[in-house]
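Please look over the sequence and the structure shown here.

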Amino acid sequence: MQYQRVRKILDIEKLRKKTVSIVGLGSLGSFTALLLAKNGVNLNLIDFDRVSIENLSSQIYSRNDIKKFKTDALRDYLKKLNPEIRIITKNKRLDSSNLKILDSDLVIDCTDNLDARFLIDYYCYKKIPRIQTEAK
């Protein structure tokens with residue numbers, strides 16, 4: 001059974017009803033999304049960037065993805081791995097006018113700039129649990 005290990009520590013049926021927003025789909029964000037998708041978590045993928053050749057050595061994307069939005073390329077890949085999950089994509093740079101795109105059960109901040117981190121902190125404070133990663 002696909003979720004046998006996860007069931008030992010989590011209620012998989014409860015987990016499947018949750019949605020996690022991942023902001024920043026570089027190396028850390030794309031692999032975080034991969035692990036969550038494999039475990040049946042619905043995803044809200046947020047990034048404004050497109051795949052470039054420089055991304056291929058450290059990120060989940062392939063040559064076929066070059067010039068595509070990272071959100072779209074990652075969604076297509078993850079849907080092949082787990083067609084049961086729901087994936088919403090937002091090809092947007094996070095700013096003060098669109099913070100509602102973070103609405104979910106958990107936000108994972110995989111960004112690499114302080115402006116985005118401050119916006120995520122501001123919006124999630126006392127409202128949505130968040131995990132801030134150490135992207136360098």
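Predicted model: local features only at pLDDT ≥ 70, side-chain atom pairs only at ≥ 80, totals over all residues.

Asp-65 forms a salt bridge with Lys-68, and their closest N and O atoms are 3.7 Å apart. Lys-68 itself counts as partly exposed, at 35% relative accessibility.

The search of the whole structure finds five salt bridges. One of them links the side chains of Arg-75 and Asp-72, with an N to O distance of 3.4 Å. Arg-75 and Asp-72 lie three residues apart in helix 4 (residues 70–81), so about one helical turn separates them.

Arg-75 also meets Asp-76 in a salt bridge, here at 3.2 Å from N to O. Through shared partners, the salt bridges join Asp-72, Arg-75 and Asp-76 into one network.

Helix 5 spans residues 114–124, and its buried residues are Ala-116, Arg-117, Leu-119, Ile-120, Tyr-123 and Cys-124. Seen down the helix axis, these buried residues fall within an arc of 160°, so they line one face of helix 5. What do they pack against? The buried residues of helix 5 pack against strand 1 (19–23), strand 4 (106–109) and strand 5 (130–132).

The face turned away from the buried side carries exposed residues, namely Leu-114, Asp-115, Phe-118 and Tyr-122.

## The ends of helix 5

At the start of helix 5, Asn-113 brings a side-chain oxygen to within 3.2 Å of the backbone nitrogen of Asp-115. Asp-115 is also one of the exposed residues on the face turned away from the buried side.

Lys-126 follows helix 5, and the phi of Lys-126 is positive, near 60°.

## Cysteines

How many disulfides are there? The count comes to zero, where a disulfide is a pair of cysteine sulfur atoms within 2.5 Å.

Cys-110 counts as buried, with 8% relative accessibility. Cys-124 counts as buried as well, with 4% relative accessibility, and it is one of the buried residues of helix 5.

Notes. Residues numbered from 1 in each chain as written. Heavy atoms only, no water. Buried < 20%, exposed > 50% of the residue type's maximum accessible area, 1.4 Å probe, protein only. Helix = DSSP H or I, 4+ residues; strand = E, 2+ residues; numbered from the N terminus. Arc of directions from axis to C-beta. Contact = heavy atoms within 4.5 Å. Polar contact = N/O pair within 3.5 Å; in protein donor to acceptor, adjacent residues only side chain to side chain. Salt bridge = Lys/Arg side-chain N within 4 Å of Asp/Glu carboxyl O.
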